[in-house]
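Please keep the sequence and the coordinates in view while reading.

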Amino acid sequence: MTTATPTRAAGASRTNRPGADPRPVSFATLTLVEWRKQLDTRAGRWMLAVIAIITAAVLAVMMAVNGGNHSFSAFVVGTTTPMAMLLPIVGVLAATSEWSQRTALVTFTLEPRRTRVGLAKVVGAIGSGLALLVLTVGLAALAHLLVVAFRDADPAWDVSLRAVLYLALSVVLFMAQGVGFGLLLRSTPAAIVTLLLAPTLFGLVGGLVPGMADVLPWIDLGTAGEPLLFGGALDGQGWTQLATATLIWVVAPLAGGLWRTARSEISSS
């Protein structure tokens, strides 16, 4: 008498038999792991908490000043400005955690394709930034709704879809920039100082050097991307300036960081 073997068991035995090639980790799973790493470190949690505290403080001040009689766009600018200033640091922490927490050897042993890991960090950081953008815009809408309902403020729902898309694009650029500098420098202090000092230095140079003000929008991401944050309009020249500044401050550091990560020796020390 013969006994039939269940199909599922046979399939499982073929999949798990000794010597079978392991199934590669999907990019979605890798991205989810890298996203969770942003919340697993104390520095990452504190940075997100600082953004939340500053945003709440800005909303409290705006609701107290002038009886809260501000337009929706003013509330959006108030809530997204602290986020835009600090988001690159979140990107830096997402990239440098491998070296500050000494987990790079484990990570790249489990997933030897280092460029794939770096891209997963970028996607995970951008996802966190976009989620935070949705939260801050929602808080701005709630604040405006409250002052309209309870303080008889003038309703002014004056934020266009284009303005929201511009904000989303700025989040993508800032997060990718932060991850790029983090991968390139591998040092949290060095990457943060570079991100914070570079705009200041470019602003000083633009104000002191004759003729530099005309060149600045082409080479400074903060100047070229200002319309994205404050609801301005970008014409053909504006988009070209944004593209060139993005190549300098986002694409180049990110490409250099991915190249360095893929080719450098990783040690446990």
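Helices (H or I, at least four residues) and strands (E, at least two) are DSSP runs, numbered from the N terminus. The structure is a predicted model, in which local features need pLDDT of at least 70, side-chain atom pairs count only at pLDDT 80 or more, and totals for chains, interfaces and linings use all residues. Residues are numbered from 1 along each chain as its sequence is written, and side-chain values use heavy atoms, with hydrogens and water left out.

The chain contains twelve helices and zero strands. Of its 269 residues, 40% are buried, that is, under 20% relative accessible area, whereas exposed denotes over 50% and partly exposed the range in between (1.4 Å probe, protein chains only). Among contacts (heavy atoms within 4.5 Å) with a separation of 6 or more, 77% join residues 24 or more positions apart.

Helix α6 spans residues 114–150. Its 37 residues reach 54 Å from the first C-alpha to the last, close to the 54 Å expected at 1.5 Å a residue; the expected span is 1.5 Å times one less than the number of residues. After α6 comes Asp152, with a positive phi near 55 degrees.

Leu139 lies in helix α6 and counts as partly exposed because its relative accessibility is 33%.
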